Amino acid sequence: MDRRRITVLLVEDEEIHRVVARAVLRAAGVEADEAENGAEAVRRVRERVGGGGAGAYDLILTDKQMPVMDGHEATRQIRAMGVTTPIVAVSSDSLPSDVQAFIAAGADDFTPKVTIHPIHRINRVLLLMCVPNAHDSRSDRLLMHAHAPIPCMQPLTKEKLGHILSKFGLA
Amino acid sequence: MAVAALKVQLNALLSNMFATGMVDEQFQQLQSLEEGGTASGFVAEVATLFIEDADRIIADIAALLDQPVVDFDKVDAHVHQLKGSSSSVGAQKVKLACMHFRQFYEAKSKEGCLMALALVRSEFCDVRNKFQTMMQLEQQIEACSPK
């Protein structure tokens, strides 16, 4: 069976956050493309879906406050292209109004940046991406995961994720 | 000094940082990622980025508060950025000092902001010194370890 390669676009202007997110994704065996602002993210998505290249991303993780173009506008422009890739907002502005603004812009899920939770939530989303037919009822599944209580656990290691993938015949 | 003794010293330092609340679970998560073997030198890289970010941001805030008319929106943006950076590395006391800062720039109190900045700077200096000691010990352990 073909091994499914997960492709993620990480949109974040602060290097320290990119370094941490990159390490979390690598620990799960995922390599990410990176964009330092919303405009760059829109360009990368457009190149993939319109250029006959590798196709759409499986997942987009985006910050809110960025120079040039913020995460809300980038999400709107990506959705305007007809792209249905799950978009997860990762922001330190986590009031209900902040969450709603991102959802209204077209994001599927939101996770606050100021706690350890993003590591767990990103792992959950990655796990979700590995489950067959995960794109059915995508939004419902993502939101269900977003609202689930987060247990105290270690991030997924490459080995653990490989074990899970093998259970689903994906590795 | 023998590697074993250096490791004891490093573990004591890290335990002290946790015990005093200087760092939180986020820092543990970063360590677990490094120990997972996918990102060697990763904690030192994040700590170095944090030190560079915080040095620059604290200087920027001090410059803003030194103006006759303070732009509190810019102070807000800088404190917000420092809170994010400190959260990323798990520098809990710096993060809490940034949260404490908020009430003063929202009230547009220059005196309050100066006091809050002094606390942020103090907490940052403490954790920076510990991070630098941690990185020095790690380098010494690396240098003494058999290749």
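Mentor: Happy to, and one term before we start: two residues count as in contact if their C-beta atoms, placed from the backbone, lie within 7 Å. Keep in mind that this is a predicted model.

Trainee: OK. Which strands does helix 2 of chain A lie across?

Mentor: Helix 2 (residues 38-50) of chain A lies across strand 1, strand 2 and strand 3 of chain A, and runs at about 160° to strand 1 of chain A.

Trainee: And what is the strand order in that open sheet of chain A?

Mentor: The order is 2-1-3-4-5, with parallel pairing among the 5 strands. Strand 2 (32-35) and strand 5 (109-112) of chain A are the edges, each pairing on one side only. On average, neighbouring strands of the sheet are turned by 20° against each other, direction ignored.

Trainee: How many bridges join strand 1 and strand 3 of chain A?

Mentor: They pair over 4 bridges, and A:L9 stands opposite A:I60 in strand 3 of chain A.

Trainee: Switching topic: which residues touch the most other members of the largest nonpolar core?

Mentor: A:V8, A:L9, A:L61 and B:V46 do, out of 65 residues. Helix 3 (residues 42-65) of chain B gives the most to this core, with 10 residues.

Trainee: Last one, A:D63: buried or exposed?

Mentor: A:D63 is buried, because 28 other C-beta atoms lie within 10 Å and 20 or more is the cut-off. An unreviewed UniProt entry annotates A:D63 as "modified residue: 4-aspartylphosphate".

Trainee: Where does A:D63 lie?

Mentor: In the loop between strand 3 and helix 3 (71-80) of chain A. Its contacts beyond four places in sequence include A:E12, A:D13 and A:S91.

How values were computed:
Residues numbered from 1 in each chain as written. Chains lettered and ligands numbered in written order. Predicted model: local features only at pLDDT ≥ 70, side-chain atom pairs only at ≥ 80, totals over all residues. Pairing = 2+ DSSP bridges. Helix = DSSP H or I, 4+ residues; strand = E, 2+ residues; numbered from the N terminus. Axes fitted to C-alpha atoms, helices over the stretch in contact; angles between N-to-C directions. Core = buried A, V, L, I, M, F, W, Y, C linked by C-beta atoms within 7 Å. Buried ≥ 20, exposed ≤ 12 C-beta atoms within 10 Å, placed from the backbone. UniProt positions renumbered as here; feature names shortened; annotations may be inferred.
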